[in-house]
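Subject: Structure for your files

Hello,

Here is the structure I said I would pass on. My notes on it follow below.

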Amino acid sequence: MSGPGAVPDDERAARVFLGRVIEPGDEVAGRWVRQTGARGAVRQLLRDGDQGAPAGVSERRWAGLRARAGTADAARDLALAATAGLRYVCPGDTEWPGTLDDLGDARPLGLWVRGSPSLRMWALRSVAVVGARACTEYGAHMATTLAAGLAERGWVVVSGGAYGVDGAAHRGALGAGGATVAVLACGVDRPYPRGHAGLIHRIAEQGLVVGELPPGEHPTPSRFVLRNRVIAALTRGTVVVEAAYRSGSLVTARAARRLGRHTMGVPGPATSALSAGVHELLRGEAVLVTDAAEVVELVGDMGELAPERRGPVLPRDLLDPAARRVLAALPGRRAAPADEVARGAQTTEDDAVARLYELRALGYVERLGDGWKLTRQAVLSVRSGPRQP
């Protein structure tokens with residue numbers, strides 16, 4: 001089975017073969033493949049007369065790689081993929097996301113893809129939403145609403161398919177009728193965690209499920225960590241919703257920062273251990289975000305600005321600045337003569353009188369003999385507004 005693009009079948013088969021031999025993110029092996037080419041690396045692994053290990057690879061490790069190569073079978077993997085409805089996308093294919101090349105020698109050999117949309121096109125306008133597996137209700141709510149808001153704005157939500165924040169992000173995007181991608185740390189034909197089998201099947205139907213590992217491969221702790229670099233590289237930015245100090249989602253955020261992507265965090269209670277890692281990010285180079293509009297303002301095109309945030313507009317906010325100064329100069333509990341008001345407002349008595357008559361017309365002050373006094377309306381307006389210095 002071949003993916004889209006002009007990559008020769010033997011080059012694709014060589015990369016599939018090496019996917020059974022080399023672990024994801026192995027930079028030493030990645031450098032070796034870059035220097036010799038995928039087909040050259042396969043020939044070296046299978047050569048009868050062993051001429052020694054590549055540079056940087058110990059003899060013991062080389063023996064292990066040779067042993068793995070003895071059981072690898074690209075034709076079998078491609079046949080399994082065809083049966084499961086998967087395709088293999090690798091560098092050189094038109095569907096290959098160029099952003100993954102930023103990983104250098106840690107770049108995946110290729111990606112197994114389940115789902116019909118173009119991975120490259122979806123990656124162009126995508127955001128990662130990641131966080132704690134054992135998230136709080138607040139974390140799940142924020143992940144869901146963020147993902148739904150991003151999806152409604154035409155952005156693809158990328159996450160890891162795990163419990164907690166990942167699952168909430170995928171569901172939020174799907175619930176909004178949007179696009180989402182799950183990047184797995186196992187073969188994409190065997191959903192993990194098993195409790196998310198239904199969710200991952202739904203993602204495959206409406207979006208994409210991708211992963212580096214060949215069909216049937218199982219996840220391990222190191223594979224979860226290394227999977228996160230793919231999430232970071234695929235997307236324009238990473239949002240961490242909840243994360244403790246040792247959360248794997250912080251690995252994604254740090255990878256995003258190293259790759260020059262936007263790194264964002266959603267704040268939580270200062271007393272929450274599940275927000276401690278996010279707050280540490282925010283003390284560094286991450287940007288605080290609270291909704292999808294603020295995320296898009298960072299990762300989107302010029303002019304995609306979040307709305308200005310401010311409190312409700314009070315009637316007194318609409319007054320001329322000079323009139324507001326005169327209003328603020330009036331005592332709260334008694335009448336004051338015009339000259340006293342003028343001194344408080346730092347203006348002339350004539351100007352103060354003119355402003356006082358404007359304020360009377362608007363219902364803020366009343367005339368009491370030779371003095372001026374705040375009306376009940378004005379007192380309530382002042383109390384509901386910011387305190388005067």
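Val365 stands opposite Leu374 in E12. Strand E11 (residues 365–368) pairs with E12 in the antiparallel sense, over four bridges. Helices (H or I, at least four residues) and strands (E, at least two) are DSSP runs, numbered from the N terminus, and two strands count as paired if DSSP finds at least two bridges between them.

This is a predicted model, so local features need pLDDT of at least 70 and side-chain atom pairs count only at pLDDT 80 or more, while totals for chains, interfaces and linings use all residues. Residues are numbered from 1 along each chain as its sequence is written, and side-chain values use heavy atoms, with hydrogens and water left out.

E11 and E12 form a hairpin with two residues between them. Gly369, in the turn, has a positive phi of about 60 degrees.

**The nine-stranded sheet**

Another open sheet has nine strands in the order E1-E2-E6-E5-E4-E3-E7-E8-E9, and its pairing is mixed. Strand E1 (86–89) and strand E9 (287–288) are the edge strands, each pairing on one side only. Strand E3 (residues 126–130) and strand E4 (residues 156–159) run parallel and are joined by three bridges; Val127 stands opposite Val157 in E4. Helix H11 (residues 248–258) packs on the sheet, where it touches E3, E7 and strand E8 (262–265), and its direction makes about 150 degrees with that of E7. Helix H10 (residues 221–234) lies across E3, E4, strand E5 (180–184) and strand E7 (237–240), running at about 150 degrees to E5.

**Cavity and pocket**

On a 1 Å grid over the protein atoms alone, a cavity is a set of points where a 1.4 Å probe fits but cannot get out, and a pocket is an open set with protein on both sides within 12 Å along at least five of seven lines; lining residues have an atom within 4 Å of a point. Grid points are joined across faces, edges and corners, and a volume is the space filled by probe spheres set on the points.

A search of the whole structure finds one cavity of 30 Å³ or more. The largest cavity holds about 70 Å³ of space. Its lining includes Pro24, Leu111, Val183, Leu184 and Arg223. E5 and H10 each supply at least two of the lining residues, and H10 gives the largest share, four residues. By class, the cavity lining has eight nonpolar, one polar and three charged residues. Here Ala, Val, Leu, Ile, Met, Phe, Trp, Tyr, Cys and Pro count as nonpolar, Asp, Glu, Lys and Arg as charged, and the others, Gly among them, as polar.

The largest pocket contains about 310 Å³ of space. It is lined by 25 residues, with Arg15, Asp105, Arg107, Pro108 and Leu109 nearest its centre. Helix H1 (9–19) and helix H2 (27–36) each supply at least two residues of this lining, and H2 has the largest share, four residues. The pocket lining divides into eleven nonpolar, five polar and nine charged residues.

**The whole chain**

The protein chain has 17 helices and twelve strands. Its C-alpha trace spans about 110 × 40 × 40 Å along the principal axes.

Regards

Key. Contact means heavy atoms within 4.5 Å. Axes are lines fitted to C-alpha atoms, for helices over the stretch in contact, and angles run from 0 to 180 degrees between N-to-C directions.
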